[in-house]
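Here are a few notes to read alongside the model.

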Amino acid sequence: PLKFLKLGLEVKFYSWILILGLGFISMPVVTQMLMGKPELTEPFRLGLLGIGGSLLFSFVTSSIQAYQKYFSWTSLIIGTNLFRLLVIAIFLLYGGFTTQNVLLTYILIPFLGFLIGMLLLPKFLTVSNEWEYKKEFFHYNKWIALVTLVSAVGSRLDVFLSAKFLSLADVGVYSVAVQLNSFMPQIF
């Protein structure tokens, strides 16, 4: 299992680096030509960093869950979201509530959660020859990746279309309403 952990971490990390590189280069085309909003280029580039945090954080949460450390798993998820909320509240109280600060908070805290989560897992970074399991690893994960890709695009297609046809303020209001709509199910 330790070799699978290390292989999974490496695959997530290399995937993020690939997405970061390709996305950083192509983001001006996406924001200008497809969405007609070149002012979104820099926030979207920052969002590419957030993909790494999300990938790495999901790695540790899934791994902790696989080891059946449910209290640690729940504490990590609740703790990072609570910390994120606390930082945003501090920005609100002390005048640092800007788009960039909030976006950076949202992006960076999952990296902190990843580092904390790594402490909760068995030591696996020193194992070697993890790539000898790549065939078995990718055979299983290709279907999960396909379903995840289709559902991710489908579930956020509304925001991409909204960004194309609405003002940035309207997209922001719509996104907040959608986030509030998903709040209660997350509690359960």
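**Notes on the predicted model**

1. Arg45 is buried, at 17% relative accessibility (buried means under 20% relative accessible area, exposed over 50%, partly exposed in between, with a 1.4 Å probe and protein chains only). Glu42, at 49%, is partly exposed. The two form a salt bridge, with their closest N and O atoms 3.2 Å apart (a side-chain nitrogen of Lys or Arg within 4 Å of a carboxyl oxygen of Asp or Glu). They sit three residues apart in helix α2, about one helical turn (helices are DSSP runs of H or I, at least four residues, numbered from the N terminus).

2. This is a predicted model, where local features need pLDDT of at least 70, side-chain atom pairs count only at pLDDT 80 or more, and totals for chains, interfaces and linings use all residues. Residues are numbered from 1 along each chain as its sequence is written, and side-chain values use heavy atoms, leaving out hydrogens and water.

3. The whole structure holds three salt bridges. One of them joins Lys3 and Glu132 at 3.7 Å, N to O; Lys3 is in helix α1 and Glu132 in the loop between α4 and α5, so the pair ties together parts 129 residues apart in sequence. Lys6 and Glu130 also form a salt bridge, at 3.8 Å between the closest N and O atoms, and both residues are buried.

4. Phe124 is worth a look: beyond its neighbours within four places in sequence, its contacts (heavy atoms within 4.5 Å) are Leu2, Leu5, Lys6, Leu9, Phe59 and Met118.

5. Gln68, in the loop between α2 and α3, has a positive phi of about 60° although it is not a glycine.

Methods. Helices (H or I, at least four residues) and strands (E, at least two) are DSSP runs, numbered from the N terminus.
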